Every structure is written in structure tokens, then in C-alpha cells.
Amino acid sequence: MSRPLITLLTDFGSVDHYVAAMKGVMAGICPEAQFVDITHEVNAYSIGDAAWTLAQAAPCFPAGTVHLVVVDPGVGSARRPILAEAAGQTFVAPDNGVLTRVLAADPRHAIREITAAKYFRTPVSATFHGRDLFAPAAAHLAAGVPPSEFGKLLNDPVLIDNSRPRQGPDGSIQGIIQKIDRFGNLITNLDAALLTSLAEGTWRLEIGPKTVSKLAANYSEMPSGKLVAVIGSTGHVEVAINHGNAANEPGIFLGQTVTVRRQKNSNIPHL
Amino acid sequence: MSRPLITLLTDFGSVDHYVAAMKGVMAGICPEAQFVDITHEVNAYSIGDAAWTLAQAAPCFPAGTVHLVVVDPGVGSARRPILAEAAGQTFVAPDNGVLTRVLAADPRHAIREITAAKYFRTPVSATFHGRDLFAPAAAHLAAGVPPSEFGKLLNDPVLIDNSRPRQGPDGSIQGIIQKIDRFGNLITNLDAALLTSLAEGTWRLEIGPKTVSKLAANYSEMPSGKLVAVIGSTGHVEVAINHGNAANEPGIFLGQTVTVRRQKNSNIPHL
Amino acid sequence: MSRPLITLLTDFGSVDHYVAAMKGVMAGICPEAQFVDITHEVNAYSIGDAAWTLAQAAPCFPAGTVHLVVVDPGVGSARRPILAEAAGQTFVAPDNGVLTRVLAADPRHAIREITAAKYFRTPVSATFHGRDLFAPAAAHLAAGVPPSEFGKLLNDPVLIDNSRPRQGPDGSIQGIIQKIDRFGNLITNLDAALLTSLAEGTWRLEIGPKTVSKLAANYSEMPSGKLVAVIGSTGHVEVAINHGNAANEPGIFLGQTVTVRRQKNSNIPHL
């Protein structure tokens, strides 16, 4: 029989005791749980970074997985703790927008405020709700307590801008560098379909001061040392250098504008 | 049925094969064990750092947990390998003081020297007792071998200074910055009760060249950019900057003196 | 009953979602699997580093362990995905030499190309075979699918130079610094037996601009601040400084030449 799966996504880093404290609390409540770390190296307090990372990882996990997300700059304040059911999985997090992308991916989601104090660790520290509130809630969920036991439905979750590209008056499409990964790959928020639908020579992609006009099938196909676009594993356009680090190019940074323009007579389709 | 839980706390880092080697050995001895990493990023050879981190994490874990602690600058020398039973859990470690704080937390602890070579991996490397001696002992414990099988009781464990605050002749109470966490929070060794028992305006806290006189309920309540005291999740006074990094302030460092003084006519109670 | 054990060794780092994506996919295929990370901090694209680390960790794991190795600079190109049976364990990896050392350790190994697309995740991304091809294969293996189901035997795996020492015309034996670990220990590729078979005073070891002539039983026995040789836990000669960092010495770097020469009338035996 399979064991309940709980993932963890935080900005706690790997040096302090915080992650282990949460796992210890959960192991006490749901001894058969299996833990999988998504990452604990989200930039401190970066809700947008956490929302993006969660949205890439969660769909890879099986139905029934409980995702515990603690990036919580407002800990101890009035921000609500919430749990959300979406895409057959359950998410436990502060109501600060960190679930924006997983909620957007399943319009039939249901969200509840977590208010049932009997599922909290006591006393609840004012500075570590991860250990005392979120982790216990996640573990009780994994142990089979139904979501309805934790609190009432809500319809007004905090949402953050989830950075969709937009089309300019001249027909160009403008996005951003959404993520720079360990290899220096520049992951944009432009859907892969945008470039795969266009013939080579009909478009150019401007990324900061650089211009790219070739779509490679994979990293290996790229010429060494040159920026090339590729369809990344997240389904978005990535800009990369084969065996190099595109993030080291001058003028490249997280959030930098990325624009796709038509060449000569070609048309960029509407989004 | 629940599986045996083994935590790991080392200074091995996450780049080398050392941690995996220990888990592989343990999985061979106790296949049903579940591993939880506390951290492997203790400063190299820092027994004090490891002792503090262990004491914060261990109480969050359920009874029966086996904690494997390998911060072992004396590996291969005459220092004894020990196992300790305390607070319903078992600790396996070198006898170098790394268990000081968990032993202090349960005066009814029992400590044994690990001498039963039949539980070791052979041959025992002179430089990696973690793999060849401590991990096998932890795994056999998790698999149900009783502590008494590993060796005789001892009463003279090596203990390190566990940094209790002291009261000066002028009534002031002096502690230190015990830990600086990922967020730059300055975790002191001053009990939370010390400040919560005092009315605002009756005390000031000196931390290096800085002075703090306000106790905030949580990080969010703090004004931005100013150092404020808060009751941290470990039960100690922390000094922090809301959404900032207190550790970057000039004059702040690990081990720095922290003094609580009475203002005017107020009295600081005895510890 | 014991659960299938899957280890992971990649150069994906711990910040991005890549490792979690692979574990999520595997948990969906083989829910009872237990995951153990060897490391995700292999230098990006470093096949040699990964091969060495795998060869140190794998022998510590029990028979039946599935090792998933994704250091894959050629992802999406024609390089073959392979699985290898060796020493009672199974290895899933790109055919780029990353298995060189574990294959060399068991001459009776069997290697297959992974071609059975029914075991892949669809569609297979051109840039993340770890998630879409290697992880599913590893999970199906862990779930009991026999290796022969994945594809045909092959006899021409890509192998890398596995850096064996060589003996010079003057009888000296020349190796390299194979690995520098977190503690700054310089792990050479010289077999421990080379020095243990020689009497002190009959040899000297040159490592870059430094000379070592003493073999210590363990780190603690070394005088502080001096380079000393020690028999490391991998069975190779290491050069270290007790409580210091030998890698910080001038002239020391990864791959640096290490030479053992006879003193006066002594003989260095043949390899």
C-alpha cells in the first residue's frame, strides 16, 4: 500500500534546523508519511519565485500529494493560513499569493482558511507557523483528515501577478526572464508554441541587448558560445548557451524584458 | 505500522559522497528506516553549532527517533563513540560534547560507550567512523537492538560550555548571540521569559554597538529597517529587522555580547 | 518488507525544481520507493566528478538498489540512455562515461540501451530526459520490471579515462589529486597499499610544490598546520592538514600531479 507523500517548499535554506523541525512534527502526526523536498533555497521572502517553482514541480507528483509551502514574510500577522485543493492534490500555505500559479492551472480549485486550532501544535510561536501550524495541518491532511475539517471555504485568496506576456501595438510579444536556473538557462514566460509555430527567419527574439533568431531542438544542437532559443522542459521558450552560462552575458538579469518581433513580412500570431 | 526514523546531523556538506555512504550502510542494516536530514551544513568541526542545532530540532521528533550526529574532528583518536538515551529518543555520536544540550534537557539520561564491534562495518576506516561505526550503530538501534547491547554505561561524557547567560553585579544580564540564521535573525541565549516579564520602557537590550528597547509580537509588527527584539521560535530572545538582515549591521557577529539592562528605576529579575 | 531504494546523483543543484520533478514522476510510478540523494552538487556537466562520486557511494548501498545518474550535457542529442547491472545493483544513466568506474569495478556487468518508449513519460522533452526518460525507467525498474524489458544488450559503452596512476622510468609513481572534499582533504588516486607497504623514511610524496614524508594513522594524529598523508576512507592516499584546509595551500588544485618517489636506496614497488 502506498504511503502519503508530503512535499516541502520553503525559503529556510539548508543550514538551520527549521526544515527538520517541520519534518519532526509531521512524522509525529503521520508516521507513514514520505517527505520530498522541492527546494528550501527559494530567495528569502520571494513569493513569486516560490509560486513559479511550485507550479513546475507539482504536476509531476501523483494525485493525493500534499504540498507544504512556507514562504511567509507575514508570519504572525493577520495573513490567513489556507489549504487549497487543486488538480487532485492539496496545498497548505500562507495566503500571500504563493499558490497563484497552481490555482490558475485548475479553475475548479477549492480554498479554505485553516482555523481549526485543534490541529495546531501548542503553543503556536509568533515567528514559526511553519512548525506549529502549517506542518501539523499538512500532516493531518496526509493522515486522512478531510479538508473540510480545517475551516470554511473562501473565495478571495491573495493573488500575485503571474507574469503573462502581452502583445504590443506593433504586434510584437513581450515577456520576461522568469527564472534563471543553475545552468544559466534563461527561462522566459513565453509559451513554446509561440516559436514552434513560426518558420525560422520570420522572427527574432530580443533579450536585453542580445538578439536570437534560431530555435534549436536541444542544447546539444546549439553552436558553442552563441545564444540560442530552445523549447524548455517547462513548456516555455528558454535562451541558453550550449555548455556555457547565458546568465553571465552582459545585460542579462532576472525579470529582464524579452521581446519576439516579426522579421520583414512575417506575422507574429496573437497570443 | 510506523517505520523507524533516523535523523542525520553532520558537517559533511552536500557535495561529497559521505552522507549517502552512511545512508547506504544504514539502508542495508535497517531497510525499513526513514531518513530525515537535520543539516549537513554545520560549520566544519563546530561542535557548539551542532549541539545547538540538535537541541532545537530533536524535541520536534517523536519518541523512538534515533539521531545520528557526526561532527567528529577527533575521528580515529581515542575519543569514545557513545549512545545516549534522553527524552524518549536515542542519540549516537562521538563523545566530544555534541550531545551537551540534549543531555542537559533530560537529567534522567543514560549514556553508553559503543564498544560492540559486531555492530561495526569492517574494516573500520581510521578517517570515516560515520560510515563504519556510527551509522551501523544507529541502524542496528533503529532495527531494534537494545542500547545495552552496544556497551557499558558511562558517567563522564565530555561536555562543552552550553552558554548560559549570567547576571552581573549591577543586575544586568549578559548573554551572547548564539546563532545567526539564514534570515539574519540574531538568536540570543536569553530566555524569552526575561523580556516578556518586563514592561516596555523599563529595559534596554544592548547588542554590540546597537540598542533595542521594543519587544515586537512578531516580525511583521516591526517597523522596517529598525532592530527590534522578538520572542523567537526556540523560546529565546531574537533581534531582527523586518524583511531585512540584522546580521549585516556593523558590530554584529556570532558570539557577540548581548546585555539586558534596567532603565531608571526598573529592576531586572534574577535569572 | 523492505521498500525499493532509488538513489539520485545529478548536477541539478538544490535551488531549481528539477530534482523534485524527477522524484514526483518516480513516486507516481513506484509509490513505495524510498529516495536517497547522493548529491546534486556535482560540478555542472562534470562526468568525471560524477563517476568518481558514484563509485564511492554505490558500494555502501544494499543489493537491489537502483541508482539514477543524470549528469547529461548531451541531453536531446544522439547519446544513448542506458541501464547497467553491476555488483548486484542497477544503474540508469546517459551513455557518456558516467558509469565508467562502477562498470570497471564489476567485470561481469551487463549493459542495455533503454529503448522501450512505453516506459517513458510523454511527450519526452528535448531538454529534460531526467524527468521524462531516466526517472521513469528507474522507477519501473524499482517497481519490478526486469532490465531485459527496457532494450537490448550493448557492448560498447562510452568510457572515460578513469585516471589510474602510472609508473615512470625512474620507478616513481605518478597520480593526481582526484577529489578535494569539503574539509579540504586532497584525495589522490594512489592506492592506499602503495604507502602502507613502505617503511617511513623510504619514500616521499610530492604534491604540487609540497613534499610529504609521513603517513599518519588518522587526522588527529597529525601535527597541526602540516601536510601529512593518511589512508583515506575510499582506500586511497589522502593529503590533509589536521583541523586545517590543505586545499588552501599554494600550488594545490584539482587534477594536480602527485608523485611518490623512493628515498635513497629504497624501492618503490611496481603497481
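The largest pocket holds about 950 Å³ of space. Here a pocket is an open set of points on a 1 Å grid over the protein atoms alone, where a 1.4 Å probe fits, with protein on both sides within 12 Å along at least five of seven lines. Its volume is the space filled by probe spheres set on the points, which are joined across faces, edges and corners. This is a predicted model, in which local features need pLDDT of at least 70 and side-chain atom pairs count only at pLDDT 80 or more, while totals for chains, interfaces and linings use all residues. Residues are numbered from 1 along each chain as its sequence is written, chains are lettered from A in the order in which they are written, and side-chain values use heavy atoms, without hydrogens and water.

Helices (H or I, at least four residues) and strands (E, at least two) are DSSP runs, numbered from the N terminus. By class, the lining has 14 nonpolar, 15 polar and 15 charged residues. Ala, Val, Leu, Ile, Met, Phe, Trp, Tyr, Cys and Pro count as nonpolar, Asp, Glu, Lys and Arg as charged, and the others, Gly among them, as polar.

Now follow helix 1 of chain C to helix 4 (residues 129–142) of chain C: their axes come within 9 Å and cross at roughly 40 degrees. Axes are lines fitted to C-alpha atoms, for helices over the stretch in contact, and angles run from 0 to 180 degrees between N-to-C directions. Helix 1 of chain C is therefore oblique to helix 4 of chain C, since angles under 35 degrees count as roughly parallel, over 145 as roughly antiparallel, 65 to 115 as roughly perpendicular and the rest as oblique.

Finally, look at some loops. A cis peptide bond joins A:Thr122 and A:Pro123, with omega about -10 degrees, and A:Pro123 sits in the loop between strand 6 (110–113) and helix 4 (129–142) of chain A. In chain B, a cis peptide bond joins B:Thr122 and B:Pro123, with omega about -5 degrees. Most peptide bonds are trans.

Key
1 Å grid on protein atoms, 1.4 Å probe; cavity = no way out; pocket = protein on both sides within 12 Å on 5 of 7 lines; lining within 4 Å.
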